[in-house]
Structures are given as structure tokens and as C-alpha cells.
Amino acid sequence: MGNRKTILSFILFFGLFCHLLNARDNSGIGCDSIKFPHRIVSLGPAITEEIYLLGAEDRLVANTIYCERPPEAKKKEKIGTVIEINVEKIISFKPDLVLATPLTDPKAKEKLKNLGLKVVTFPVEKDFNEICRNFLELGQIIGKKEEAEKIIYQVKNEVDSISKKIKTLSKLEVTPPKVFIQVGANPLFTVTKDSFLNDLIGFAGGVNIALGAKTGLYSREKVIQQNPDVIIIVTMGIVGEKEMKSWQRYKTLNAVKNNRIYIMDSYKVCSPTPISFVEALEELVKILH
């Protein structure tokens with residue numbers, strides 16, 4: 001009799017447990033989602049934008065003052081810049097995940113880790129494939145892997161389609177346009193082969209004149225020597241119009257003679273997501289061809 005009571009109690013307990021477990025799943029807060037972060041702090045503009053692309057913005061509790069894309073991101077709580085962050089303020093939000101970049105103050109990151117917070121740092125992307133890999137990794141970390149895969153699939157198809165058009169255009173051109181892309185003014189700074197921006201120029205059918213440079217530091221004398229057909233000024237901490245006037249003094253440059261100096265938005269060009277990469281590529285294709 002005692003054994004029967006024990007077995008009956010176990011069955012009732014097990015049934016109640018399953019019912020509660022099922023109720024949790026139906027509420028949308030099941031076991032699978034519990035393991036994913038629910039209070040995220042982003043320390044990079046591109047990371048913030050990607051969280052929105054993945055539809056996880058409701059879990060983003062704070063970001064930096066430079067997180068301006070999409071416009072809704074401006075309304076989130078701010079914890080500092082991409083370099084200097086307010087550790088105490090971050091802690092006050094009780095995050096279960098902090099997403100950082102290589103620009104984030106290393107000491108501040110270490111402090112957060114020592115306080116028991118999970119901090120993930122995404123590396124600087126060197127090419128388009130790395131942008132996609134980082135995006136997929138973010139999707140996996142926050143439980144949005146399928147969404148990330150769909151976006152990457154769509155974006156890669158768009159890049160392939162653009163590449164085919166460029167091949168057709170290239171057959172009509174004698175030589176591909178030589179491009180100088182300026183991402184800093186004082187000192188003059190450009191991109192080498194170790195930057196996703198080099199992919200951007202190549203995919204658009206141009207040739208980066210600083211391809212073989214060891215660093216991004218570049219002199220105006222070198223630019224004049226290379227004589228680019230197109231100069232792209234990325235507005236990151238510089239006044240684009242002022243820089244454009246500076247280049248126009250060099251009348252012998254092909255880019256000046258043919259009035260081919262352009263300004264591109266730094267958020268679109270320098271804070272890459274898979275989507276913004278394609279947007280920038282489409283704009284650059286129009287500029288070069």
C-alpha cells in the first residue's frame with residue numbers, strides 16, 4: 001500500500017512538473033530562451049545596428065552616444081563613447097551580456113569581467129566574409145541564428161548580383177578606376193588590403209591605390225604620385241566639404257580634373273553590418289561607373 005502511494009505521488013508530481021514546464025514554453029520564456037541574454041549593453045554602433053536587424057532591440061538596455069542607426073537607437077540609455085565607457089552606469093543596468101569592440105577601453109572591459117559580467121569583444125572586420133561571420137556569431141549568442149542566416153543569405157545574393165553587373169561593365173572600360181578613400185584628415189589616413197573597405201572598392205570595380213601600403217597613414221604626395229581617378233572622403237570626424245576644397249587645389253589630379261571627388265557617410269561606410277555593406281557598395285558602384 002505504501003509503495004502504491006509513493007508511485008502515485010511521483011506520477012502526480014511528474015505530471016505537475018510537465019504542466020508547469022509546458023506553461024513556461026507557451027509563455028514564450030521557455031528553457032531555450034532562458035539561456036540567451038535578456039539585458040544587453042552594446043559598446044559599438046555596428047553592433048547596435050545589428051541587434052536591431054536581428055529583431056532583438058527590446059533586449060538592448062543601453063548603448064553609446066555614437067549609436068545612431070537606426071534612429072530608434074538614439075533613444076536608448078547611453079553609457080559613454082565607443083572608447084570611454086562608464087563602468088558604474090553599465091553595472092546599474094544589470095546586464096547579462098556586454099558586447100564590446102577592440103576600441104573599447106581594455107581596462108574598463110577587464111573591470112566588467114572581474115565583476116562577473118559576460119563581455120564579448122568582436123574583432124575588427126578585415127573583409128566582407130568576416131562581417132558576415134561576426135554577424136552570425138552575434139545571432140548565435142543572442143538566440144537569433146536563423147534570422148542572421150537569412151540576412152546573410154540575402155546579402156550574399158545581392159553582392160553576387162552586383163559583382164556580375166560589374167564584370168559586364170568592366171569589359172566596357174579600358175582600365176578600372178583608381179580610387180583613394182580618405183577616412184581621416186589629420187593625419188591623412190586611408191585603408192590597406194587588410195580592411196573590409198578594400199573589399200568594398202574591389203567589389204565595386206575599382207582599384208585601391210593604397211592596396212600595398214603597410215599602414216593606413218598616407219601622404220598627399222603619395223596620392224598625387226598615384227594620381228587617383230576618384231577620391232572618396234568619408235566623413236568621420238572631418239568636415240567633408242573642407243577636405244574636398246583641399247584636394248581641389250591639386251589641379252593635375254585626374255579626380256580633380258574630372259570633378260570626381262565624393263563624400264560618403266561614415267556610418268554607412270565605417271560601421272559595417274551586412275546590410276550597410278551592400279548599401280555602401282551600391283552607392284560606390286554608382287560613383288565609379
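Strand E6 (residues 178–182) and strand E8 pair in the parallel sense over 4 bridges. Here strands are DSSP runs of E with at least two residues and helices are DSSP runs of H or I with at least four residues, both numbered from the N terminus; two strands count as paired if DSSP finds at least two bridges between them. The model is predicted, and local features need pLDDT of at least 70, side-chain atom pairs count only at pLDDT 80 or more, and totals for chains, interfaces and linings use all residues. Residues are numbered from 1 along each chain as its sequence is written, and side-chain values use heavy atoms, with hydrogens and water left out.

**Strand pairing**

Strands of a sheet pair through backbone hydrogen bonds, either parallel or antiparallel. Strand E8 (residues 230–235) also runs parallel to strand E9 (residues 261–265), to which 5 bridges join it. Strand E8 is mostly covered, as 5 of its 6 residues are buried, where buried means under 20% relative accessible area, exposed means over 50%, and partly exposed lies in between (1.4 Å probe, protein chains only).

An open sheet of 5 strands has the order E3-E2-E1-E4-E5, with parallel pairing. Its edge strands, E3 (77–78) and E5 (119–121), each pair on one side only. Strand E4 (residues 97–100) is joined to E5 in the parallel sense over 3 bridges.

Residues that stand opposite each other are listed below.

| Residue | Partner | Strand of partner |
|---|---|---|
| Valine 98 | Valine 119 | E5 |
| Valine 179 | Valine 230 | E8 |

**A residue in a loop**

Threonine 104 is found in the loop between strand E4 and helix H5 (106–114). Is threonine 104 buried or exposed? Threonine 104 is buried, because its relative accessible area is 0%. Contact means heavy atoms within 4.5 Å. Not counting residues up to four places away in sequence, threonine 104 touches Leu43, Val82, Ile83, Ile85 and Lys109.

**Nonpolar cores**

A nonpolar core is a set of buried Ala, Val, Leu, Ile, Met, Phe, Trp, Tyr and Cys residues joined through side-chain atoms within 4.5 Å. The largest such core has 49 residues, and those with the most contacts inside it are Ile51, Leu99, Ile142, Leu197, Ile232, Leu281 and Leu284. Helix H13 (residues 274–288) gives the most to this core, with 8 residues. Apart from this core lies another, of 15 residues, among them Phe93, Val98, Ala108 and Leu117.

Leucine 284 touches Leu200, Ile201, Ala204, Ile232 and Met264, again not counting residues up to four places away in sequence.
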